[in-house]
Amino acid sequence: MAYDTATTVALTTAASVLSYVRTLKQGSRAEGVKFFETLEDWITRGGITAMKFSPLSDFDNDGDAAFDAISNGATTLYGMYIDNSANTAQNYVKLTNATAPTPGTTAPDIIIYIPGTTTGIVTGEGAYSSGRYYHLFVPGIRFATNLSGHCVSAAGTAGTTDPTSAVNGMLIHT
């Protein structure tokens, strides 16, 4: 199962969410299996009945470092898969609770370090592995206004340079 599909998958029943997660688990790399098993268990125990799987295809390798709108309105972020394996250097995913954030000016609410293929590998649940990052946010992170994000090569608010190569992945949210 490819993570960088072009369209957000919106599911509205617990059965459809579980079925999709199980399909993703079957098609994932070895390091992603535990992530999807944990997500599957969490959905079953937590009574989550609706979820969106938003692709991050060529996430900010387009020369503008602009924030991409991920949700149109309030949302809760439950998890993410980020694939930075096309880059040897680390990059940073920045998420903000704003409708029209400005790179270099709007302070991100969350900055997540994503290692490249040569910048260190940490394994375990919610792990980095060979430039890939998996993480679940339990019980979820609420974005009351809007969820926007971008990926750049420097941490902090001022970082605005796009990654050298494409960064792909998926955000799991309501």
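The largest nonpolar core of this predicted model has 20 residues. A nonpolar core is a set of buried Ala, Val, Leu, Ile, Met, Phe, Trp, Tyr and Cys residues joined through side-chain atoms within 4.5 Å. Buried means under 20% relative accessible area, with a 1.4 Å probe and protein chains only. Val 21, Leu 39, Ile 43, Met 51, Phe 53 and Ile 172 have the most contacts inside this core. At least two of its residues come from each of α1 (14-27), α2 (30-46), β2 (51-56), β4 (75-83), β8 (132-143) and β10 (168-173). Helices (H or I, at least four residues) and strands (E, at least two) are DSSP runs, numbered from the N terminus. Apart from this core lies another, of 17 residues, including Met 80, Ile 112, Phe 137 and Cys 151.

Ile 112 belongs to strand β6 (residues 110-114), where side chains alternate. Ile 110, Ile 112 and Ile 114 point to one face and are buried. Strand β5 (residues 91-96) pairs with β6 in the antiparallel sense over 5 bridges; pairing requires at least two DSSP bridges between two strands. Tyr 113 in β6 is the bridge partner of Tyr 92.

The predictor's confidence in each residue is given as pLDDT, from 0 to 100. The protein chain averages 79, and 81% of the residues score at least 70. Confidence is highest in β5, at a mean of 90, and lowest in β7 (residues 128-129), at 54.

Residues are numbered from 1 along each chain as its sequence is written, and side-chain values use heavy atoms, leaving out hydrogens and water. In this predicted model, local features need pLDDT of at least 70 and side-chain atom pairs count only at pLDDT 80 or more, while totals for chains, interfaces and linings use all residues.

Terms used:
Buried means under 20% relative accessible area, exposed over 50%, partly exposed in between (1.4 Å probe, protein chains only).
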